[in-house]
Amino acid sequence: MAQQLAIIVLVDIGNALEANSLRDNVYLFDNMKLHGSEGQGTGDLVTAIHGAYWRDGSQATEQVLNWLPYSLGSIPPTVPRGYESERARQSDVKALEELDAFSSKPDASDPAADLKEIRRAVGTRVKTTRRTKGRLSGQKVIDVTGEIITDASAGTYSYPAPVITDIYGQAVDEKIMYPAEYGSPDLVTDGWYWSATVDSSRPGTYSYSMRIQLHRLVQRGSEALWEPVNMTCESALKVTSEPKYNGFTGTGMGVLPIESSSQGAEYFQQSGSQEPGLVAEER
């Protein structure tokens, strides 16, 4: 089985939209820091890719990369997938309750204040367009704490997660890597992610570009909508002839070493046994 490496693409969306550039507004991380990757946490990440064989001389397989885009200062990707829709539903229920209470008042002393409170509870529902239907449909504008926002002019709202729409450049043109977008049940990435297989037998440094789609909240008359904005981000792979190795054992793929005195060591000495519970029963 090929080693899988993850590359986190963390985007400061608010500043990127203001500067109209991802330069200095994207932070890249991978899990090859201890294996030679450079520029961790910056926009100049160079991902280390080790060679096509293991330290014992046996042939290894291609390297597999997975890109995971996230938004800095937005709703964490670990909240449930339907969180925004649930918050929109809750705000509708609250507004209806307040409207019912308002209509039941025999003599409202300050009806303007009551209506303002109802409007605050309703929030701003983002208009769905052909480009934003699906994951952004029916949502309301919320901040990073999940509170409904009525006035988005303050700019304190949570942006939708960035979306990688293409990976291209030198590394692709020279067939060092074959990127593609895949679908999966993964709830964190909304079921879609970019992955690539890398030819680790051709040492050298190869650049590549990512086309990333952000969303800007704009007001069109009485309606708010997420307007897609496409930007590009540069990164690179450094393929070396150094052998691949397991970071824990310093060798190739296989089980982790267990001291003979450690609990469970006896289990692995049982020939043909796969169930720890069976070992206990046999004693």
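The model is predicted, so local features need pLDDT of at least 70 and side-chain atom pairs pLDDT 80 or more, whereas totals for chains, interfaces and linings use all residues. Residues are numbered from 1 along each chain as its sequence is written, and side-chain values use heavy atoms, without hydrogens or water.

Arg-87, Ala-88, Ser-91, Ala-95 and Phe-102 of helix 2 are buried (under 20% relative accessible area; exposed is over 50%, partly exposed in between, with a 1.4 Å probe and protein chains only). They lie on the same side of helix 2 because they cover an arc of only 100° around the axis, taken from the directions from the axis to the C-beta atoms. These buried residues pack against helix 3 (111-122), with contact meaning heavy atoms within 4.5 Å. On the other side of helix 2, Leu-96, Glu-97 and Ser-104 are exposed.

Two loop residues deserve a glance. Most residues other than glycine have a negative phi. Asp-24, however, has a positive phi of about 70°; Asp-24 sits in the loop between helix 1 (13-19) and strand 2 (26-30) and is exposed, at 61% relative accessible area. Lys-175 has a positive phi near 60° and is found in the loop between helix 4 (170-173) and strand 7 (177-183).

Key. Helix = DSSP H or I, 4+ residues; strand = E, 2+ residues; numbered from the N terminus.
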